[in-house]
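User: Hi! I'd like a close look at one part of this model, with the cut-offs spelled out as you go.

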Amino acid sequence: MTPSCAIDGALVLSERGFAEGTVLVEGRHIAAVVWSAADREALRARAQTSIAAQGHWLIPGLIDGHAHAYATLLRGTENSMPLELWALYTVLYGRAFDAAAMRAATLLGAAERIRSGITGWIDHSPMMHLGEAAVAAHEASGLRVGYAPFLHDVADDELLGFSLPEAAARLGGGAPKLDEDAYSGHFAALVEAAREGSGRVSVLLGPNAPQRCSPAAWRLWRSLRERHGVSAHTHLMETRAQAEIGARRWPNGLVSEMERQGLLDEALSVAHGIWLTAAERATLAAHSVIVVHNPASNLMLGSGIMPLREAREAGLRVALGTDSANTGGRHDLFEAMRLAMMLPRVAESDHRRWPHGRETLEMATCNGASVLGLDGRLGRIAAGQIADLVLVRCRTAGTLALAAGEDALVQHAGPEAVDSVMVDGRWLMRGQMLLAFDEAAAIADAEAAIAELDAATAPKLPIVAAAIPGLAEALQHRMTAGE
């Protein structure tokens, strides 16, 4: 018999806002959503179990549209410099990872996400050689994950014309050589492994960024996309330096060249998009590309503020991401929703054009579902949708509201108010007790992995630090010259 559960009495999110109702989950899907007293009683009678959910909002699971699993072990490390300099540190740490560290980072981040009401996310991973460990850890997490291993063979220092000191280059610079056959074989194996699993974990193409890919890598991108029928996820126009590179290397700009190369389609999502021009936004919208807004990370590294209103008015679908733990901080989409709602208000004098809670909640749910390739199947509370659901406490000292609508949820809720989390019809957390896996063991494993990373990298950090002043001066000179 298919397991069934009635979630009864919550304020259920619908197209009309929140209203008290009952949701029936059967197996992996929502079977019914009803509002009248008689219909609710009938659903309670039909369900094998019933959850009394008064005092809660019931929302679709939040979807983190761009992040990097490995970085969960790097909390508190250097992030007070621009991306082009910060990258030397994160690459140094990343090269010290092994399979155990990857699993520990993935499960530690999974625990944080579950407690934050995140049910699905994109892991844009620079460590394809640890792909098997990552996919296995994602399966163990219980979450819905799009695993997107990097593809790149051009380094930022080459693009920027930096001359890295040899020792620093060995530790944090450079890019891997492209072995097309090896990459293709490994990617195919990961795709197959994910498809043989639970169905919650999928593999996407993860080009690091288009400018970091040679023409051969672009051809491989197209070939693997078509061969395996997968989506793609990449960084795009994250910093001013990247915008300058795109304008300089390609006569009509990087986005125009991506269009010419056949890299733009509805199965592509791009992270950041801060420095896109109006014409580039229009081109991406014409191809139904999704942009993932990462407001916390953009602020932390000083990359800029994405023009959200302009993106939406261009017709772009915008999702939300938390990015790396060592840039954006917490994997907290409530924080991301608040920032996405507030930041555009500073530069927009017409308050009628300001975003509200409904729009940012949509970005974190149904637009995030599109990044996972589940457009129309996930992200709403309606019959037939996949049952990824979150109960958020609405009668706490911090959330009790006169108007308990989307604005109140976005402005006042947070991880501390998340009560229960369901993915694929299965409870991963109930009453703030994690059920998906052993959280204490995951924390212990992460502590051990952090100690090993610290021992492996601490002697090398001064070498990278010594290279930063000269690189910072070169970057500043380049940006000043481009003005």
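Are Trp218 and Trp250 buried or exposed?

Analyst: Happy to. Trp218 is buried, and Trp250 is buried too, where buried means under 20% relative accessible area, exposed over 50% and partly exposed in between, using a 1.4 Å probe and protein chains only. A word on the basis: this is a predicted model, in which local features need pLDDT of at least 70 and side-chain atom pairs count only at pLDDT 80 or more, while totals for chains, interfaces and linings use all residues. Residues are numbered from 1 along each chain as its sequence is written, and side-chain values use heavy atoms, with hydrogens and water left out.

Now the aromatic pairs. Rings of Phe, Tyr and Trp (the six-membered ring for Trp) pair if their centres lie within 6.5 Å; planes under 30 degrees apart are stacked, over 60 edge-to-face and the rest tilted. By this rule there are four aromatic pairs. One of them, Phe18 with Trp57, is tilted, at 6.1 Å centre to centre and 45 degrees between the planes. This pair links distant parts of the chain, with Phe18 in strand S2 (residues 17–26) and Trp57 in strand S5 (residues 56–60), 39 residues apart. Helices (H or I, at least four residues) and strands (E, at least two) are DSSP runs, numbered from the N terminus. Phe18 and Trp57 are both buried. Your tryptophans make another pair: Trp218 and Trp250 are stacked, at 5.8 Å centre to centre with 20 degrees between the planes. They too link distant parts of the chain: Trp218 belongs to helix H8 (residues 215–228), and Trp250 to the loop between helix H9 (240–249) and helix H10 (254–260), 32 residues apart.

Strand S5 also holds Leu58, which is buried, with a relative accessible area of 1%. Contact means heavy atoms within 4.5 Å. Leaving aside neighbours within four places in sequence, Leu58 is in contact with residues including Phe18, Ile7, Leu11, Val23, Ile381 and Leu391.

On to the helices. Axes here are lines fitted to C-alpha atoms, for helices over the stretch in contact, and angles run from 0 to 180 degrees between N-to-C directions. Helix H3 (residues 99–115) packs against helix H18 (residues 439–457) at an angle of about 135 degrees, with their axes 8 Å apart. H3 is therefore oblique to H18; angles under 35 degrees count as roughly parallel, over 145 as roughly antiparallel, 65 to 115 as roughly perpendicular and the rest as oblique. The crossing of H3 with H18 is left-handed: the near helix is turned anticlockwise from the far one by less than a right angle, and clockwise would be right-handed. On the H3 side, Ala101, Ala104, Leu107, Leu108, Ala111 and Arg115 meet Glu439, Ala442, Ile443, Asp445, Ala446 and Ala449 in H18. By class, this contact of H3 with H18 has nine nonpolar, no polar and three charged residues. Ala, Val, Leu, Ile, Met, Phe, Trp, Tyr, Cys and Pro count as nonpolar, Asp, Glu, Lys and Arg as charged, and the others, Gly among them, as polar.

H3 has another partner in helix H4 (residues 131–141): their axes come within 9 Å and cross at roughly 30 degrees, so H3 is roughly parallel to H4. Here H3 passes H4 in a right-handed crossing. Among the H3 residues that meet H4 are Met102, Thr106 and Leu107, and the contact has 10 nonpolar, three polar and one charged residues.
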